[in-house]
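Biologist: I am new to this structure and would like to learn how to read it. Could we go through a helix and then some backbone angles?

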Amino acid sequence: MSSHVPALPPVCRNCDGDIVGKHVMYSYDGLEEHEVHLHMQCKDAWVERTAPECDWCGKKIMEEKVKVRCQRLKGVVHRECVGHFTASKDLIGCGYCKGVVSANTGGIEVEHNDIKTIVHPDCEADFLHDKCERCDHCADPMLDTVVQITDPHSYGTAKLHPTCVAPFKLLHCPTCLECRNKILSTKYSLMGNAAFHDECLRRHQLKE
């Protein structure tokens, strides 16, 4: 006659207590074979306990980390610490992705606003795209022609794609108090805080 032996409850990896009811499975690298059982309330403590230390500042890396690996240097650092870490080892961090620019990856010098930056060849386009001036209407990068319009009484100075000039003006230009239409020209008349087309101002004054 066989007897049934009840299965033992899982043990929390953080506090070594038996787990009854809801719990979480956690893996530091996302691999199933590295998963451990944890009480719900123990997860944060376990993550902090097992998180790697930054090889530059020595603090725990709780969020995004960067693995630095090349022939001369290996380490795990905070993303914001890559530049300091690589500089301390006479290496250069890519100005865009922050990874190490080494003999294996190669690096090129790009210039923007008279500032020279070293980046990986594959990062050059993204780096320049990220630095591009943005259109004041659609907020997309302006890679080619830039149109600058100015109205000191309304929106000040705006830099736009050619195709964005008309919709920007419709959105931001003042409305004529007399005819209630948008004033698309930068030349118009003001009376107090009210804006008028030049011809509309004359009609308005005749009514008074």
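Modeller: Gladly! On one side of helix α5, R202 and L206 are exposed, where exposed means over 50% relative accessible area, buried under 20% and partly exposed in between, using a 1.4 Å probe and protein chains only. Helices are DSSP runs of H or I with at least four residues, strands are runs of E with at least two, and both are numbered from the N terminus.

Modeller: A word on the source: this is a predicted model, in which local features need pLDDT of at least 70 and side-chain atom pairs count only at pLDDT 80 or more, while totals for chains, interfaces and linings use all residues. Residues are numbered from 1 along each chain as its sequence is written, and side-chain values use heavy atoms, leaving out hydrogens and water.

Biologist: Which are the buried residues of helix α5?

Modeller: In general, an α-helix has 3.6 residues a turn, so residues three or four places apart point the same way. Here, C200, L201 and H204 are the buried residues of α5, which spans residues 198–207. They fall within an arc of 105 degrees seen down the axis, so they line one face of the helix; the arc is taken from the directions from the helix axis to the C-beta atoms. These buried residues pack against β11 and β12 (194–196).

Biologist: And what is the phi of A139?

Modeller: As a rule, most residues other than glycine have a negative phi. A139 has a positive phi, near 70 degrees, and sits in the loop between α3 (124–131) and β9 (147–151). With a relative accessible area of 44%, A139 is partly exposed.

Technical notes. Contact = heavy atoms within 4.5 Å.
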